[in-house]
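Here are a few exercises to work through with the model open beside you. Try each task before reading its solution.

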Amino acid sequence: MSHTLSIYLFIATGGAVGACLRFFCTGLVDSWFGKALPFGTLAVNIIGSFLLAVLYGFIERGEIAEQPFRALIGVGMLGALTTFSTFTIETLTLLENGLWIKALANILLNVCACLLAAWLAVELTKG
């Protein structure tokens, strides 16, 4: 029971850090680039995709232990940092406002850039 509780504490701690990072990063990026497109969400999704792939690369190579790092960083911090639900509602809002091209750009940028970031991280962490 205490092992399970400790995993949840790792997730909660990482989640608090990730949520704060998300709030800070999205605000910073939006202040730089404006809100014509949700660039803050895009930035945290790319960063999160890259970092999650790095984490799993290190775990797969046995360079760090799966626990507690998967719970703390992968599920907690990066789970709270990345924003798929935010990406979804922002895209829906663009569509509802008739901004089809911006909505399509948002979808393509998030999906392609996050896949590229994860691929790059995997390549960089190969042994």
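## Exercise 1: Helix H3

Buried in H3 are Ala71, Gly74, Gly76, Met77, Leu78, Ala80 and Leu81. Keep in mind throughout that this is a predicted model.

**Task.** Find where proline 68 lies, describe the peptide bond that joins glutamine 67 to proline 68, and compare the span of H3 with that of a straight helix.

**Solution.** 

Step 1. Proline 68 belongs to helix H3, which covers residues 66-81.

Step 2. Look at the bond between glutamine 67 and proline 68: omega is about 15°, and the peptide bond is cis.

Step 3. Now take the span. H3 has 16 residues, and a straight helix would reach 22 Å at 1.5 Å a residue. The end C-alpha atoms of H3 are only 20 Å apart, so H3 falls short of that value.

## Exercise 2: Threonine 125

**Task.** Is threonine 125 buried or exposed, and which residues does it touch beyond four places in sequence?

**Solution.** 

Step 1. Locate threonine 125 in helix H5, residues 100-125.

Step 2. The relative accessible area of threonine 125 is 8%. Buried means under 20%, so threonine 125 is buried.

Step 3. Leaving out residues up to four places away in sequence, threonine 125 touches Ala53, Val54, Gly57, Phe58 and Arg61. Of these, Ala53, Val54 and Gly57 are listed among the buried residues of H2.

## Exercise 3: H4 against H5

**Task.** Describe the crossing of H4 and H5.

**Solution.** 

Step 1. Helix H4 spans residues 84-96, and its axis comes within 7 Å of that of H5, crossing at roughly 160°.

Step 2. That angle makes H4 roughly antiparallel to H5.

Step 3. The crossing is left-handed. Phe87, Thr91, Leu94 and Leu95 of H4 make the contact with Trp100, Lys102, Ala103, Asn106, Ile107 and Asn110 of H5.

## Exercise 4: The aromatic rings

**Task.** How many aromatic pairs does a search of the whole structure find, and what is the geometry of the pairs that phenylalanine 33 forms with tryptophan 32 and phenylalanine 39?

**Solution.** 

Step 1. The search finds three aromatic pairs.

Step 2. In the pair of tryptophan 32 and phenylalanine 33, the ring centres are 6.5 Å apart and the planes stand at 80°, so this pair is edge-to-face.

Step 3. Phenylalanine 33 and phenylalanine 39 make a tilted pair, 5.9 Å centre to centre with 55° between the planes. Trp32, Phe33 and Phe39 form one aromatic cluster.

Step 4. Finish with accessibility. Tryptophan 32 and phenylalanine 33 are both exposed, the latter with a relative accessible area of 55%. Phenylalanine 39 counts as partly exposed, at 26% relative accessibility.

Note on methods: Residues numbered from 1 in each chain as written. Predicted model: local features only at pLDDT ≥ 70, side-chain atom pairs only at ≥ 80, totals over all residues. Heavy atoms only, no water. Phe/Tyr/Trp six-rings, centres within 6.5 Å; stacked < 30°, edge-to-face > 60°. Buried < 20%, exposed > 50% of the residue type's maximum accessible area, 1.4 Å probe, protein only. Helix = DSSP H or I, 4+ residues; strand = E, 2+ residues; numbered from the N terminus. Contact = heavy atoms within 4.5 Å. Axes fitted to C-alpha atoms, helices over the stretch in contact; angles between N-to-C directions. Parallel < 35°, antiparallel > 145°, perpendicular 65-115°, else oblique. Left-handed = near helix turned anticlockwise from the far one by under 90°.
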